[in-house]
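Let me take a few minutes of the meeting for one structure. Please keep it on screen while I talk, and hold comments until the end.

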Amino acid sequence: MHQARTTCPYCGVGCGVLACVENDRITGVDGDADHPANFGRLCVKGSALHETLGDHGRLTRPRVDGAEVDWETALDAVAERLQATRRDHGKGAVAAYLSGQLLTEDYYVANKLFKGFLGTPHLDTNSRLCMASAVAAYKRSLGADAVPCNYEDIEEAELVVLVGSNLAWNHPVLYQRLRTAKSRNPLMRVVVIDPRVTDTCEIADLYLGLKPGSDARLFNGLLAWMADKGRLDRVYLEKHTTGLDDALAAAREGDGAVEAIAADCDVDPERLETFFYWFASQLHVVTLYSQGINQSSSGTDKCNAIINCHLAGGKIGLPGAGPFSITGQPNAMGGREVGGLANQLAAHMDYHSPGAIDRVTRFWATEHLTPDVPDGPGHKALELFEAIERGEVKAVWIMATNPAVSLPRADRVRAALEKCPLVIVSECVADTDLLPYADIVLPASGWSEKDGTVTNSERRISRQRGILPPPGEARHDWWIITQVARRLGFGEAFAFEHPGEIFDEHARLSGFENRDGADSARLFDISGLAGLDRAAYDALAPIQWPVTARAPQGTARLFEDGRFATPDGLARLIPVRPREPEQALSEARPLRLNTGRVRDQWHTMTRTGRAPRLMNHRAEPFIELTPEDAQALGIEDQQLARLTGAGDDYLGRVRVSKGQRRGEVFVPMHWTGQFSGRASMGGLLEAHRDPVSGQPESKHGAVSLEPLAAGWEATLLVAADLAVDADWCDTAGYWARIPLGGCQRWQLAGGRSGERPDWLAWLSAHLPVAPALWCEDPASGRLRAAGIEAGRLRWWLMVAPPRELPGLAWLDERFQESARGESLDAARRRRLLAGCDDGAADSGPVVCSCHQVGRSSIVSAIHAGDTSVEALGARLACGTQCGSCIPELKSLIEESAEEERAHARAEPKPESIDVA
Ligand SMILES: Nc1nc2c(c(=O)[nH]1)N[C@H]1C(S)=C(S)[C@@H](COP(=O)(O)OP(=O)(O)OC[C@H]3O[C@@H](n4cnc5c(=O)[nH]c(N)nc54)[C@H](O)[C@@H]3O)O[C@H]1N2
Ligand SMILES: Nc1nc2c(c(=O)[nH]1)N[C@H]1C(S)=C(S)[C@@H](COP(=O)(O)OP(=O)(O)OC[C@H]3O[C@@H](n4cnc5c(=O)[nH]c(N)nc54)[C@H](O)[C@@H]3O)O[C@H]1N2
Ligand code: SF4
Ligand SMILES: [Mo]
């Protein structure tokens, strides 16, 4: 056994991971105590990494036109077809769509190939859906795409403002750091600004549940308030900035009274003014913002409205202060560094940066090759897929992202891909909603196999190390790209044999003709990391850019001297005029659609969906709305419902939640056709975008909601190895698949009200094993049955609403025993339909994913007197590892206290509503 040091492949916190390697397998993971991002902590996704590995379900062979081929054939086909498209339709007919989940080295060679040698500017990335507005705003005001602060600044701040960020779920380790810092510093305050009450609110001293999309008005209001109350830092503004007057004039448009701003944002005026006062009176303020700000048709302006307030108060370039755009993907930053956005050229140089095209051309030239660098920017993500739809772009190479799910109007994207003559997809897993559109499929290595660097939210470059060999014939993305480049005749420019060599070239380009004070000076400079030999690259310790001769140990904080990356060194305040979301509500679509993430899933679930432990927290696609809206629409908690929006519908289970605002619904972004019949939310949204950054408006859809009238609901558990006819999905109006340890759980619903299928006929049509146990109540339509073959449990069926389900851990154990070939013992066989041992208490749905502690166990412990999170942790271990379930534990404690109070008052028990 040995330990390998690497980096987590999920969120932008970029935690260091120690992987425990035994016999060519990773058997466990731990946080790396020496990594400055996490100092040993990991969240639940990070700590389940080893459970997502294994060859099963991986892509292991290249495919061309549906046939498995060897690499030679596949690479030749890619090169020949790209070449033919270029020859017949011009350079602009070829495009690439990349991802912040590629390593910097992969990204660098892809950018170099497409922009430098294929001569097309059409190379964009899923960061367009994620960070584009934050990038554009930093560039507009600070002169470079540069996050000024670092994680310690968050801990050192006196006030931390979280805007449009559900940090507790989406950057959990950073949230834990903030939480700890707050518990150590009683003076620290946290403000959360989000239309939803999220788990992040658990540490909030003040919560502003604003109207979606009204953030610019709020921060404009703050700027004007600071000016009116004499809270501007006049000295800082004078010395280091420009544009105050215009920005202030814009901020003062409209009614400037706090009451009027509060009314526009639909928040309480006193709370709003408290926030203004706190912000204005503290110097050490960090504002952390994320997709609630970026994913908007005015996202760039919203980011600038925030940055304006920091500049106006001199709250930047200091410990514990700054506007902090927190990145989502593990290497969105690395992608930005290599220039992997369609409006960028390379290494923080845009097409219009003085001398950039010439400089990059000279840098990439070799003795025999002259690069063919385009002369202007290319299509951003939405435009790219529109150009494919129009037939202008005829070949696209998609790597490590799934536009068939994650783009708005995903239905149109799929139709465009269907028509596109050449779609090349580099992917790790065998089943995704994108792969059916691919002409050429290239199997890529994944986490634990791929080898290179990533950059986290605080500009920290870390090594993600190759620990295991890729399965089958899967290959590293950089290798695939360079092999294609060689076949296209660019071998000399792509002669890399190791990612370290690519990193070296990237580091050299960042420093190439990059002199302080020169016209061409770029802040992104890691020339101090050029020239590392293989051993030094392998051993590279986490380091924050810039890394130069002057700052060989890296740079923790930017702009400390008040000099910004603009030509005159001054930061710019930007006039912001608030705009409503483009997706307008109407009588037909009266509800505001908010979309986002859940704690235990990552994006389209290709990796987290493989770990049964991570499926516990939210097992099915859902729709969250207020109790009042649910009642008005005649929908009950846990009922199935249909959302209708711009394109495809969305079916999910309703979660009534007091955390929602009225008139608004929230759905998770994660579900795809691999996990549910109709729950991919991309189709609900119109493809509106920010005019500056091109980022889509993914947070502000317009939808209608209706209950799904189903005649029956059923849960079917099927042994993992049982050959089934999965067409049953078509007979169901709704289905969701939930992987468990020893079986797959299918949640099914269908039929009209009162309609009941002939279950015996249905089972024999779809499953190879006949029922052995059967218990039916014809009056209610309830049914439980099980299929047993040679003493082993093969399937289990319950026809009833899912709230009648027993905790599934017991049944899953029986499936696991059966998979090991063990026969059911007689007592347990008798209890199969009940789903638990005789007299055993059901532990209920899992609340703590790390330690698999169920709701019923927690509630019993609370009743037995464990009425604090600490006491629960001591008894059951829940909440003691990643801490993500602590808010849920607290609400269970509160609920039970509430029940007791109600009981004491001898009032009727309040309706139990899950506010998680
Ligand atoms: N568990 C998990 N973690 C992840 C990911 C994941 O898939 N799963 N993905 C990673 C990636 S790529 C990203 S980009 C980050 C995203 O991290 P976050 O930005 O934190 O994630 P979201 O859930 O998309 O949205 C954040 C919040 O914005 C709020 N919001 C919606 N509209 C508005 C508005 O008008 N104003 C304000 N102020 N808030 C609004 C939503 O209610 C939501 O709570 O997470 C990263 N971390
Ligand atoms: N409505 C709505 N839409 C959204 C969002 C939202 O909040 N709401 N969020 C947006 C944001 S912020 C983001 S970042 C996107 C994310 O959306 P996507 O990027 O589309 O989602 P992923 O599931 O991360 O897709 C990554 C794919 O690459 C594969 N993969 C993983 N590692 C590798 C690798 O090393 N090489 C290769 N070749 N393949 C790999 C995975 O199996 C997976 O299929 O979604 C965006 N879309
Ligand atoms: S916080 Fe992010 S980087 Fe850290 S372990 Fe969790 S998912 Fe991985
Ligand atoms: Mo993202």
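First, a term. When I say strand, I mean a DSSP run of E with at least two residues, and strands are numbered from the N terminus. This is a predicted model.

I start with the backbone. Which loop holds His348? His348 sits in the loop between strand S14 (344-346) and strand S15 (349-350). Its phi is near 60°, a positive value in a residue that is not glycine.

The other backbone item is a peptide bond. Trp545 and Pro546 are joined by a cis peptide bond, with omega at about -5°. Pro546 is also a loop residue, placed between strand S21 (543-544) and strand S22 (571-572).

Next, polar contacts of ligand 1 with the backbone. A polar backbone atom of Asn170 is 2.7 Å from a nitrogen atom of ligand 1. For Val598, a polar backbone atom is 2.9 Å from a nitrogen atom of the ligand. Arg599 also has a polar backbone atom 2.9 Å from a ligand 1 nitrogen. On its own, ligand 1 has 920 Å² of accessible area, and the protein covers 100% of that. The space that ligand 1 takes up is the largest cavity.

On to ligand 2. It is surrounded by 28 residues, and the closest are Gln101, Ser406, Glu427, Lys450 and Thr604. The shell around ligand 2 has 14 polar residues, 9 nonpolar and 5 charged.

The contacts I list for ligand 2 involve side chains. Gln101 has a polar side-chain atom 2.6 Å from an oxygen atom of ligand 2. In the side chain of Lys450, an N or O atom is 2.6 Å from an oxygen atom of the ligand. For Thr401, a polar side-chain atom lies 2.9 Å from a ligand 2 oxygen. Of the 910 Å² of accessible area that ligand 2 has on its own, the protein covers 99%.

Why do I place ligand 2 between domain 2 and domain 4? Because domain 2 (63-129 + 331-544) and domain 4 (591-707) both give residues to its shell.

Last, ligand 3. Which residues surround ligand 3? The list is Cys8, Tyr10, Cys11, Gly14, Cys15, Leu42, Cys43, Lys45, Gly46, Pro172 and Val173. These divide into 8 nonpolar, 2 polar and 1 charged. Helix H1 (44-47) and helix H7 (172-184) each supply at least two of the shell residues.

For ligand 3, the named helices are H1 and H7. That is what I have.

Technical notes. Residues numbered from 1 in each chain as written. Chains lettered and ligands numbered in written order. Predicted model: local features only at pLDDT ≥ 70, side-chain atom pairs only at ≥ 80, totals over all residues. Heavy atoms only, no water. Polar contact = N/O pair within 3.5 Å; in protein donor to acceptor, adjacent residues only side chain to side chain. Areas by Shrake-Rupley, 256 points an atom, 1.4 Å probe, with all protein chains shown as cover. 1 Å grid on protein atoms, 1.4 Å probe; cavity = no way out; pocket = protein on both sides within 12 Å on 5 of 7 lines; lining within 4 Å. Sits in = over half its atoms within 2 Å of the grid points. Near = heavy atom within 4 Å. Nonpolar A, V, L, I, M, F, W, Y, C, P; charged D, E, K, R; others polar. Domains from an automatic or database assignment. Helix = DSSP H or I, 4+ residues; strand = E, 2+ residues; numbered from the N terminus.
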